[in-house]
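Colleague: Could you walk me through this model and tell me what stands behind each term you use?

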Amino acid sequence: MARRRLEAAIQAGKVIDSSLSQPEGTFTTVKSLHHSQLGELSPGVYSLQFSLDGELLVVGLGDGGVAVHHTQSGKFYKDIHKGTMKGLPIMGLAFHPTEHNILVGVGADGMISAWEVETSNVKFKIREAHNEINAIDFSLNGDVFATGGKDMCVRLYDTSRNELLQTFEGSGDLLADRSEAQESGHGRRIFALKYYPDDNNIFVTGGWDNSLKIWDSRTSVGVQRTISGPHICGNGIDIKAGKILTASWVSHNALQLWDFASGRLESTIPFPSDSGEYLYTCQFCDNNIVLAGGSGTNGVTAFDKTTNKVLGTVKLDKAVQALDSTCGGKYFAVGGAGKNLEMAGLA
C-alpha cells in the first residue's frame, strides 16, 4: 500500500530500538514486547495504526474513542477522542501522507473525523448518511482519500478542501463470476481498501461478495478488473511488490497470495488452526514475512511466505479484529474483541 513507501522513507536510517535491528533475511521468531489491559469496561479494539515515523500507535475503540500509545514502552499516552456509552466503533485509521500530524478515522456511525494528533483538535468532520464506514486509505501523494463501507459505494475525497470528489456505486450483485459483475462495483458491504503503493489512482477493495475489485479513479466506471474468491470481513488486504495478500473469513484456505497484474492465485499459505482459520486481517512485513489473524485462533501468526514456516503467534483472549506493523515488522500491534492490546516484534 502507498503508506508503506512513505513510512520507509521517513524511517530510513532510523531504528527505534537497536535491540530489534536485524540484518536482511534473519527474522526467525516473534518476540512479545508489551501487554496492555484496556479495562473491565473496554469496548474492544477495532482498528490500529502506527504513525509514519513509528513512534506512536493509535488505537480505534469500540465506543468511538481514539487513544494513543507510545511504541517503545507500549504505555498509554493520551486520548485524541474519548468514546461514549452510545459511541460506535472506529473501523479504520489513516495518517495523512504529507501532513504527518493529521489523523483521519472512519466509523460505524458513518462519520469521517480528522484530528491533529499533538493537540487533539478536530480538523474536520464529514458524515456519509445512512452508511457504516469500514475502510479508509490515502493516495500516495495525499491529495485524495477513499472510503468504503456498508452501502457498497467507494467515495473519493479531496483532502485540501475536504470535499467529496466522486462516488462509485455498488452493484448489489452477489454473483462475482457473472460477466456484468466483473465490471461493476461490490455486491455487498466493503471491509478493506488499499491504494497501490506506486500509483495515485489505482486501489483495491474487498468485502462480503467474495471478490476483490481493482479500481482506477481516472475512469468514469472505476472498476477495471475483478478477482473472484476472497471473502473479506475486516482489514484483510495488503499490497506489496506487485502481490496482493488476502485474509478471508473462511474455515480453510483463508490466507492467500495473488498476482496483481494477472489476478492469478499464486499460493495459499497454510494457517494452523484446529477450529477453522477465519481471518480478519493480514499484512506484509520485510524479509518475506506475513502476519495474519482473526477469530479462528484468537491470535496473529507470523509466516515466511516462501517456506510457509511459522515464526510464532501472539494470542488474545478473544477474536483478533485489528493489526498494524511498522519498521518492516520489528514492531506490530494486535487488538480485538477482548480487553487486551498486545505489542510484539519480529526478531
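Predicted model: local features only at pLDDT ≥ 70, side-chain atom pairs only at ≥ 80, totals over all residues.

Colleague: Thanks! How many helices and strands are there in the protein chain?

Modeller: There are 2 helices and 28 strands. Both are DSSP runs numbered from the N terminus, where a helix is H or I over at least four residues and a strand is E over at least two.

Colleague: Why is the protein chain called as compact as a globular protein of that length?

Modeller: The radius of gyration, taken over C-alpha atoms, is set against the globule rule, 2.2 Å times the number of residues to the power 0.38. For 347 residues the rule gives 20 Å and the chain has 18 Å, which is close, so the chain is as compact as a globular protein of that length. Along the principal axes, the C-alpha atoms fill a box of roughly 50 × 45 × 40 Å.

Colleague: What percentage of the 347 residues is buried?

Modeller: Buried residues make up 58% of them. Buried means under 20% relative accessible area, exposed means over 50%, and partly exposed lies in between, with a 1.4 Å probe and protein chains only. As for the surface, the chain exposes about 13,800 Å², with carbon and sulfur atoms supplying 49% of it; these areas come from the Shrake-Rupley method with a 1.4 Å probe.

Colleague: On to the sheets. What makes β15 and β16 a pair?

Modeller: Two strands pair if DSSP finds at least two bridges between them. β15 (residues 202-207) and β16 (residues 211-216) have 5 bridges in the antiparallel sense, so they qualify. Phe 203 stands opposite Trp 215 in β16, and the bridge partner of Val 204 is Ile 214. The two strands form a hairpin with 3 residues between them, and Asn 210 in the turn has a positive phi of about 60°.

Colleague: And what lies on the other side of β15?

Modeller: β14 pairs with β15, also antiparallel and over 5 bridges, with Leu 193 opposite Thr 205. That hairpin has 6 residues between its strands. The open sheet as a whole runs β14-β15-β16-β17 with antiparallel pairing. Its edge strands are β14 (190-195) and β17 (223-228), each of which pairs on one side only.

Colleague: Why are β22 and β25 said to stand at the edges?

Modeller: They belong to another open antiparallel sheet, in the order β22-β23-β24-β25. β22 (279-284) and β25 each have a single partner strand, so one side of each is left without a neighbour in the sheet.

Colleague: What makes a group of residues a nonpolar core?

Modeller: It is a set of buried Ala, Val, Leu, Ile, Met, Phe, Trp, Tyr and Cys residues joined through side-chain atoms within 4.5 Å. The largest one has 16 residues, and those with the most contacts inside it are Val 30, Leu 291, Phe 332, Val 334 and Leu 346. Apart from it lies another core of 14 residues, among them Ile 202, Val 204, Ile 227 and Ile 237.

Colleague: Finally, why is Val 221 called exposed?

Modeller: Its relative accessible area is 52%, and exposed means over 50%, so the label applies. Val 221 sits in the loop between β16 and β17. Leaving aside neighbours within four places in sequence, Val 221 is in contact (heavy atoms within 4.5 Å) with Phe 168 and Trp 215. Val 221 and Glu 169 are 52 residues apart in sequence and 8.9 Å apart in space, C-alpha to C-alpha.

Technical notes
Residues numbered from 1 in each chain as written. Heavy atoms only, no water.
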